[in-house]
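Keep the viewer open as you read.

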Amino acid sequence: MSNYLRAINLFNKNRTKLNHKILIIGRGRWSRVITKELISNFPNIKKILIYSSKFKNKKIKNSNKKIIFINSLKLIREQDVKYIIISNKNSDHLKYIKIFLKTRNNILCEKPLILTKRELVNLESNLKKKKTFLTISMQFFYAFYFHFINKKFVKNKKIEKITIDWFDKKNEKRNGIVKKHDMKINFIEDIFYHVYSILSILAKIKNYSFNFQPIKRNNIEHINFIVNKKIITYLNSSRVYDRRTRNIKLYFYNKDLLFINFSKDNDVKVKFNGKLVKIPNKLMSKTIKYQLYFFLKSGKNDKSIVLNNFKNLKNFFKNLYLLKEKL
């Protein structure tokens, strides 16, 4: 998304024109975050249905007239919903993708998408047959401050080394809700979706090579890998750190150094060769609303705009399997 200013203008201009009915699968933290973003940014959305089999009543209207809670998928057919957001437990993501592929809905699935290589091939085949639009939640593709940083400091320069610190605080509250980690999935695999999308912007990733096993010291897991056959990258991660941390350092062959601290969505700190860089305020914004906009706006066969379209992520999943072999 090279023209990030145009993307922001499209969002501001057209977000009020969206009037879809939307179904959200799941009732947990991410379901609440997505519901809040939809209500806040798309005032003319007709209806938001939230499904969970654990709701007691078949149909429960919320105080907000646009929101309806349901516990039966049969009720969805009555509503003629075209846009589905899957945000329930990780192990059920693929199950619900398969369900809604049959009804040819447009689908946005929260990461991670856990599937075998055979399931990946079958999913790709089914998408072609159904001509269905599937996107995977990788909202850092829509972190426009990274696009700005790339254009201003990275583009056309040769990167020698990258270091990434990705730490979550134990029992951290996000959007007023405690963030719970799925302990059945390795944390590196979980955050790899974000790492890939960010490095796609900053380093134009084509391939990875994982030659090293991860090493764990004092609750911090370290793994090294090579990007594009030449850029050595160090990823340090933990989900039980003493504070939330998101830092990236890019070391260039000409001895330039770029430091990015994006621990806070609306207060990104950038230093180039030790000098603080001003990031335009309009670029430091939550990314979920932009991801939702381009999902709700785009057609089934649109590859150019929706960066996290499943059809554009073959390289990502190929690298993901290479990573999983080391974990």
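A residue counts as buried under 20% relative accessible area, as exposed over 50%, and as partly exposed in between. Asn273 has 41% relative accessibility, so Asn273 counts as partly exposed. Please keep in mind throughout that this is a predicted model.

**Backbone features**

Most residues other than glycine have a negative phi, and most peptide bonds are trans. Which way does the phi of Asn273 go, positive or negative? Asn273 has a positive phi, about 55°, although this residue is not a glycine. You will find Asn273 in the loop that links β17 (269–272) to β18 (275–277).

Lys229 also belongs under this heading: its phi is positive, about 70°, and Lys229 is not a glycine. The loop between β13 (220–227) and β14 (231–241) holds Lys229. With 73% relative accessibility, Lys229 counts as exposed.

For the peptide bonds, look at the step from Lys111 to Pro112: this bond is cis, with omega near 0°. Pro112 sits in the loop between β6 (106–109) and α5.

**Accessibility at a glance**

Here are some of the residues met in this report, with their relative accessibility.

| Residue | Relative accessibility | Class |
|---|---|---|
| Glu189 | 8% | buried |
| Leu322 | 33% | partly exposed |
| Val240 | 39% | partly exposed |
| Asn273 | 41% | partly exposed |
| Lys229 | 73% | exposed |

Val240 in the table belongs to strand β14. Not counting residues up to four places away in sequence, Val240 touches Asp168, Lys170 and Asn219. The C-alpha atoms of Val240 and Lys111 are separated by 20 Å, and the two residues are 129 residues apart along the chain.

**The nonpolar core**

Which residues touch the most other members of the largest nonpolar core? They are Phe146 and Phe317, in a core of 109 residues. Helix α7 (residues 187–203) gives the most to this core, with 12 residues. Leaving aside neighbours within four places in sequence, Phe146 is in contact with Phe140, Ile198, Ile201, Leu202, Ile248, Ile260 and Phe262.

**Helix α7 against helix α9**

Two packed helices are described by the angle between their axes and the distance between the axes. For α7 and α9, the axes come within 11 Å and cross at roughly 145°. The crossing of α7 past α9 is right-handed. On the α7 side, the contact involves Ile188, Glu189, Phe192, Tyr193 and Tyr196, which meet Asn315, Phe316, Phe317, Asn319, Leu320, Leu323 and Lys324 in α9. By class, this contact has eight nonpolar, two polar and two charged residues.

Glu189 of helix α7 is worth a click. Is Glu189 buried or exposed? Its relative accessibility is 8%, so Glu189 counts as buried. Beyond residues up to four places away in sequence, Glu189 touches Leu320, Leu323, Lys324 and Leu327.

Leu322 lies in helix α9 (residues 314–324). Because its relative accessibility is 33%, Leu322 counts as partly exposed. Apart from neighbours within four places in sequence, Leu322 is in contact with Tyr208 and Phe210. Leu322 and Phe210 are 112 residues apart in sequence, with 6.8 Å between their C-alpha atoms.

**Helix α4 against helix α5**

How do the axes of α4 and α5 cross? Helix α4 (residues 93–101) and helix α5 (residues 117–130) have axes that come within 11 Å and cross at roughly 20°. That makes α4 roughly parallel to α5, because angles under 35 degrees count as roughly parallel. The crossing of α4 past α5 is left-handed. Leu94, Ile97 and Leu101 of α4 make the contact with Glu119, Leu123, Asn126, Leu127 and Lys130 of α5. These residues divide into five nonpolar, one polar and two charged.

Methods
Residues numbered from 1 in each chain as written. Predicted model: local features only at pLDDT ≥ 70, side-chain atom pairs only at ≥ 80, totals over all residues. Heavy atoms only, no water. Axes fitted to C-alpha atoms, helices over the stretch in contact; angles between N-to-C directions. Helix = DSSP H or I, 4+ residues; strand = E, 2+ residues; numbered from the N terminus. Parallel < 35°, antiparallel > 145°, perpendicular 65-115°, else oblique. Left-handed = near helix turned anticlockwise from the far one by under 90°. Contact = heavy atoms within 4.5 Å. Nonpolar A, V, L, I, M, F, W, Y, C, P; charged D, E, K, R; others polar. Buried < 20%, exposed > 50% of the residue type's maximum accessible area, 1.4 Å probe, protein only. Core = buried A, V, L, I, M, F, W, Y, C linked by side-chain atoms within 4.5 Å.
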